[in-house]
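Please read these notes with the sequence and the model side by side. They are written as numbered points, each on one topic.

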Amino acid sequence: MELVLNAGPVVKLVLAVLVYFSVVSWAIIFYKFLVIHRATRDSGRFLDFFWAKKRFDTISLGLKDYAHSPLTVLFREGYQELVKGQRKREGDEEHAHALSADLGGSGNVGRALRRATTLEMHRLEKYLTFLATTGSTAPFIGLFGTVWGIMDSFHGIGKTGSASLAVVAPGISEALVATAIGLVAAIPAVVAYNHFVNKVNVLTGEMDNFCQEFLNIVERMGRRG
């Protein structure tokens with residue numbers, strides 16, 4: 001703490017910026033851990049439920065138990081589009097054949113699933129760019145503070161005319177604090193970013209597989225109907 005208090009104003013400003021990055025990064029890490037952990041847990045449970053029930057109307061009644069899974073959003077969007085198509089077909093018998101063919105092609109359902117997948121990916125990736133920014137810029141910000149602090153120290157040496165270790169060491173040690181704080185902010189951010197990106201990629205793969213399975217089921221329903 002003494003090193004921070006004795007640092008120059010520029011180094012203190014750099015430290016304040018790094019502390020801000022670190023605090024916000026940790027808040028994001030805890031938040032994303034909660035969101036992605038719940039999404040992963042509920043997705044596994046929802047897939048078991050989905051393949052156990054097999055009936056869309058029955059599955060739609062149990063979605064609230066898997067509210068954190070992105071797959072429930074995909075199912076809800078796809079199912080609502082499916083029901084909307086069926087209601088149109090029932091309400092207009094003259095166009096029954098055309099609507100049945102559209103259902104079999106699953107074009108509207110496919111578009112709804114793609115739209116929902118994109119929105120869920122954005123939700124899962126939200127705030128991850130801040131972690132990436134912290135991981136890539138915090139060491140350089142800290143290095144800037146260190147360089148500035150060393151320049152300030154040499155300026156002081158020039159004014160005093162003494163280059164003894166007792167004069168040089170305090171200024172350099174104060175300057176190196178900025179680099180240390182930069183690494184403290186960056187390392188957890190980089191580790192968390194890589195971890196969350198890997199988890200999001202797994203969930204994205206699950207969403208793609210689920211969309212394909214859902215469309216296959218809809219196409220089979222269309223051929224039977």
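1. Of the 225 residues in the protein, 36% are buried. Buried means under 20% relative accessible area, exposed means over 50%, and partly exposed lies in between, with a 1.4 Å probe and protein chains only. The protein exposes about 13000 Å², and carbon and sulfur atoms supply 62% of that area. Accessible areas come from the Shrake-Rupley method with a 1.4 Å probe; for residues, only the protein chains shown count as cover.

2. A word on the source. This is a predicted model, in which local features need pLDDT of at least 70 and side-chain atom pairs count only at pLDDT 80 or more, while totals for chains, interfaces and linings use all residues. Residues are numbered from 1 along each chain as its sequence is written, and side-chain values use heavy atoms, with hydrogens and water left out.

3. The secondary structure comes to 8 helices and 0 strands, so the pattern read along the sequence is α-α-α-α-α-α-α-α. Helices (H or I, at least four residues) and strands (E, at least two) are DSSP runs, numbered from the N terminus. Among contacts with a separation of 6 or more, 82% join residues 24 or more positions apart; contact means heavy atoms within 4.5 Å.

4. Which residues have the most contacts inside the largest nonpolar core? They are F46, F56 and F75, in a core of 37 residues. At least two residues of this core come from each of helix 2 (9-53), helix 3 (56-61), helix 4 (70-91), helix 6 (107-125), helix 7 (128-160) and helix 8 (165-224). Helix 8 gives the most, with 12 residues. A nonpolar core is a set of buried Ala, Val, Leu, Ile, Met, Phe, Trp, Tyr and Cys residues joined through side-chain atoms within 4.5 Å.

5. Leaving aside neighbours within four places in sequence, F75 is in contact with F46, F50, F56, I59, S60, L63, F210 and F214. A second, separate core has 9 residues, including L15, A138, V177 and A178.

6. F50 is found in helix 2 and is buried, with a relative accessible area of 2%. F50 and F75 are 25 residues apart in sequence, and their C-alpha atoms are 9.5 Å apart in space. Not counting residues up to four places away in sequence, F50 touches F56, I59, F75, F210 and I217.

7. T134 has its place in helix 7. Is T134 buried or exposed? It is buried, at a relative accessible area of 0%. With residues up to four places away in sequence not counted, T134 touches F21, S25, P139, A185, A186 and A189.

8. The axes of helix 2 and helix 6 come within 10 Å and cross at roughly 140 degrees. That makes helix 2 oblique to helix 6. Axes are lines fitted to C-alpha atoms, for helices over the stretch in contact, and angles run from 0 to 180 degrees between N-to-C directions. Angles under 35 degrees count as roughly parallel, over 145 as roughly antiparallel, 65 to 115 as roughly perpendicular and the rest as oblique. Where they meet, K32, V35, I36 and A39 in helix 2 face R123, L124 and E125 in helix 6.

9. Y127 lies in the loop between helix 6 and helix 7. Y127 has a positive phi of about 75 degrees although it is not a glycine. Most residues other than glycine have a negative phi. At 40% relative accessibility, Y127 counts as partly exposed.
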